[in-house]
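The report that follows describes a two-chain model from its overall dimensions down to single residues. Please keep the sequence and the coordinates at hand while reading.

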Amino acid sequence: MELTHLWGILFISLHAMVPITLAAIGETIEESAGLFNIGLEGILLFGALAGALGAQASGSALVGLLTGMGVGALIGLVFGTISTSLRGSQLISGVGINLLALGFVALMLSVMGAPGFHSVAREVQVPLIPLGVGNLSPLVPITVAVAIGVWWLLRRTQLGIWIRAVGENPAAADVAGIRVNRVRLGAAVAAGVLAGLAGAYLSIDWFGAVTKEITAGRGFIALAIVVFSGLNPLLALLGGFIFGFFDGLATWVATYPGIKDIIPWQFVAMMPYVVTLAVVAGMIGRVRFPSALGVPYLRE
Amino acid sequence: MKTRSDSGPVLDKGDVLLEARGLSKGFPGVWEHLILDQLDFDVRSGEVHTLLGENGAGKTVIANILSGYYEKTEGEIRVKGKLVHFRSPREGLAHGIAMVHQELMLVPAFTVAENIMVGLDAPLFSYGIAGVEKRIQRLVERYGLQVDPKARVEDLSAGQQQRVEILKVLFHEPEVLLLDEPTSLLTPSEADQLFVVLRAMADDGKGIVFISHKMREVFAVSDRVTVLKLGKTQGTCQIAETNEDELTRRTFGETVPDYMERPEVAHEELALNTIEMVPSGLEKKPNSQGISLKIRCGEIMGLAGVSGNGQTELIEAVTGLVPPASGEVWILNADMTGRTPKEFIERGVAHIPERRREIGIVEQMHVAENVVLKDYRKTPFSKNTVLRHQQISSHAEKIVEKFNALVPDLWQTECRILSGGNIQRLILGRETWRKPPVIIASHPTEGLDAKAIRHTWELFLALRAEGSAVLLVSEDLDEIMSLSDRIAVMFEGKIMGIVDGKGADREILGHWMAGGTASAA
């Protein structure tokens, strides 16, 4: 294999890493605070559509990304409100987000013309950084920075102590004067922002289009990465890269002349999901999660 | 233990730090009495003021209101003469009022220093852990609280965790410290160490409010004591001007007798009979041997022993929860080996378990439902598989009344919100109302106040007189010796010996409990 192929796989892997990792890091913040949002997939999908619409309406990729983040924040706010002050089931509201996104995005795509597909003009996509060996999305270094930043936030700041205390023992945090539900709501919004950014990246950066299958289970893979990482954002970055590699490999195999005829691409396309299953099966029980994860807090 | 009454300055000259007048708290229409009723209370600089009262007297509620965790219904609170109204514990802290809760309010996965940082009012993106650790070290030295700031809380003993709780509030330099039954998780020697710390803090000019229902502790540490009963104060006095008898009378109204006289066992029939039975879980112990325990109808057999010596496994075997590894279990002349728990229940085996909240009740279910948990299939509580609300209500009402359980509502109150003592009252009622032939009772009076303990003992004796056999498993040798016709001692899965209860020699029992083999002759 030639060197350019290796560069090609690396770039595809890095690009595939971005959405999974961003969503996983958001979920890490949220789970640290004790909320379990299974609706990442739905936020990604909403973010993809919102990003595309925002970018086209404004003519600016940056506005597109911000629109994705804003819509993500809004969904995070709804989820956070249901899970905190309304004391609803986190599982059900997460599933609800996923189902709503599926239906809503499919509907919008039909309304906008071609059912199931909406392409984003090249001019409003995120400009890539030309490197000698290929073009890199600016979201790749941003993702790395977010991972490091969130690690610092959770492990090395007063705010991080509060977030984790709320997830571990909300009663103790409450007694200490922390507004438990407010911290959780903030974490839910932060998670929504990152997942929304990941979604917008899918449509106006990586793929340049919106389809109703654009997320392809990446929200659920992100949940698996959170398990793999044990709520450590740096490990989530590593996990994101591993999954991204298989994702990228699948894309590369499916498109590269010569190879796509030897290995059926469907087989390689299975790989990220198989790896997900294997990793989750192997990690469950070994990783320690916050004691109060998924439990609404109610002062008695 | 040195008490303030025989040394040091005169205390009632101390400044009043915190003062409550006419404090009331109630959920109208739910409870038959107010949780707090027109209460007056104050604490002064340099004193340990004890709040004494039985379970449900309202001690914890006072502390929670004074610290800002609960809202009061009526009354006024003054800090150094200034009227205050706290809406949160943080506001209380800002006024120098701090509370150490009965349950540990710690994050087990955090270190000591991180736990203290949870309560800091620091900027969001700061991280002052080094400074916090240094300051903990200074507090540790000042008050003699031995704790390593870098240790992870889940690795600490209960006594050390309690000290972390105290450090947590000391960090805010409070003037008044409210401690809600801080000794409930401590060994007696850890409790004594805590009293030294409390005294050091009082000598430092702080006002300490110490909540307890244990007489020994009251005299070990207090300067003044306020007795509380059903939400009302029974008066405040200097500890030097009272004595144990008087306080006991004021707190409980009655005292606990030492020994319960009773007639000889009248029956010969065996109620519970285990034949060379090895409970599951004990068969792998070195030199495990079969347990042959014979309890006659109308007999109370005490099973003494340090917990963890196979009592749990034995109970599981004789209640049918886990079939024994080998041997037989007979109940009233029927071989029950390998039968289901339901068949044991129907045969007349009542079980008062040690882990009440986990296996004694269903916490999320309501009081009435829990009361008929073992009888709901039978008439009159159900007919053709449909529950009969009326019958269940009147039955539950009777049980609640007879056992003095404090229960807001039969069908509205989930059992999880009840106190441990009230849950135990419901379990005792549920398990004994049918006068079952066999009662397996594990630590039946743990967490009950003196009056309820006495009622429970009398209940067991009354059931005994009606022909019930009782297997009483307890770590409390006093209880075993007061109540048992015969006493068996268990050590490492074996019965070390059995003696008559009347005139039993505490020393021999203690010897067996430690694994010795001296004969009782």
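Which domains does the domain assignment of chain B give?

## Domains and conventions

The assignment gives domain 1 (4-252), domain 2 (268-348 + 437-447 + 466-521) and domain 3 (355-433) in chain B, where the bounds come from an automatic or database domain assignment. Taken over C-alpha atoms, the centres of domain 1 and domain 3 of chain B are separated by 34 Å.

This is a predicted model, in which local features need pLDDT of at least 70 and side-chain atom pairs count only at pLDDT 80 or more, while totals for chains, interfaces and linings use all residues. Residues are numbered from 1 along each chain as its sequence is written, and chains are lettered from A and ligands numbered from 1 in the order in which they are written.

## Chain A

Chain A comprises 12 helices and 4 strands; helices (H or I, at least four residues) and strands (E, at least two) are DSSP runs, numbered from the N terminus. Its C-alpha trace spans about 65 × 40 × 30 Å along the principal axes. The radius of gyration of chain A is 19 Å, in agreement with the value near 19 Å for a compact globule of 300 residues; this radius is taken over C-alpha atoms, and the globule rule is 2.2 Å times the number of residues to the power 0.38.

Of the 300 residues of chain A, 54% are buried; a residue is buried if 20 or more other C-beta atoms lie within 10 Å of its own, exposed if 12 or fewer, and partly exposed in between, with C-beta atoms placed from the backbone. Among contacts in chain A with a separation of 6 or more, 78% involve residues 24 or more positions apart, a contact being a pair of residues whose C-beta atoms, placed from the backbone, lie within 7 Å. Helix 3 of chain A (residues 61-83) has 23 residues and reaches 33 Å from its first C-alpha to its last, close to the 33 Å expected at 1.5 Å a residue, where the expected span is 1.5 Å times one less than the number of residues. Because 17 of its 23 residues are buried, helix 3 of chain A is largely enclosed by the rest of the structure.

## Chain B

Chain B has 17 helices and 22 strands. Its radius of gyration is 26 Å, close to the 24 Å that the globule rule gives for 521 residues, so chain B is as compact as a globular protein of that length. Along the principal axes, its C-alpha atoms fill a box of roughly 70 × 55 × 50 Å. Buried residues make up 45% of the 521 residues of chain B, and 69% of its contacts between residues at least 6 apart in sequence join residues at least 24 apart.

## Interface and cores

Across the interface, 22 residues of chain B are in contact with 16 residues of chain A. Helix 2 (89-94) and helix 3 (112-118) of chain B each supply at least two residues of the side that touches chain A. By class, that side of chain B has 16 nonpolar, 4 polar and 2 charged residues; Ala, Val, Leu, Ile, Met, Phe, Trp, Tyr, Cys and Pro count as nonpolar, Asp, Glu, Lys and Arg as charged, and the others, Gly among them, as polar.

The largest nonpolar core has 159 residues, and those with the most contacts inside it are A:Ala23, A:Leu194, A:Ala198, A:Ile225, B:Leu177 and B:Val209; such a core is a set of buried Ala, Val, Leu, Ile, Met, Phe, Trp, Tyr and Cys residues joined through C-beta atoms within 7 Å. Helix 8 of chain A (residues 180-206) contributes the largest share of this core, 18 residues. Apart from it lies another core of 67 residues, among them B:Val318, B:Trp457, B:Val470 and B:Ile480.

## Local features of chain B

B:His366 sits in the loop between helix 11 (356-360) and helix 12 (367-371) of chain B, and is partly exposed, with 17 other C-beta atoms within 10 Å. Its C-alpha atom is separated by 5.6 Å from that of B:Cys415, 49 residues apart along the chain.

Most residues other than glycine have a negative phi, and most peptide bonds are trans. The peptide bond from B:Thr379 to B:Pro380 is cis, with omega near 5°. B:Thr385 has a positive phi near 65° and is exposed, with 7 other C-beta atoms within 10 Å. B:Glu492, in the loop between strand 21 (486-491) and strand 22 (494-500) of chain B, has a positive phi of about 45°.

Notes:
Contact = placed C-beta atoms within 7 Å.
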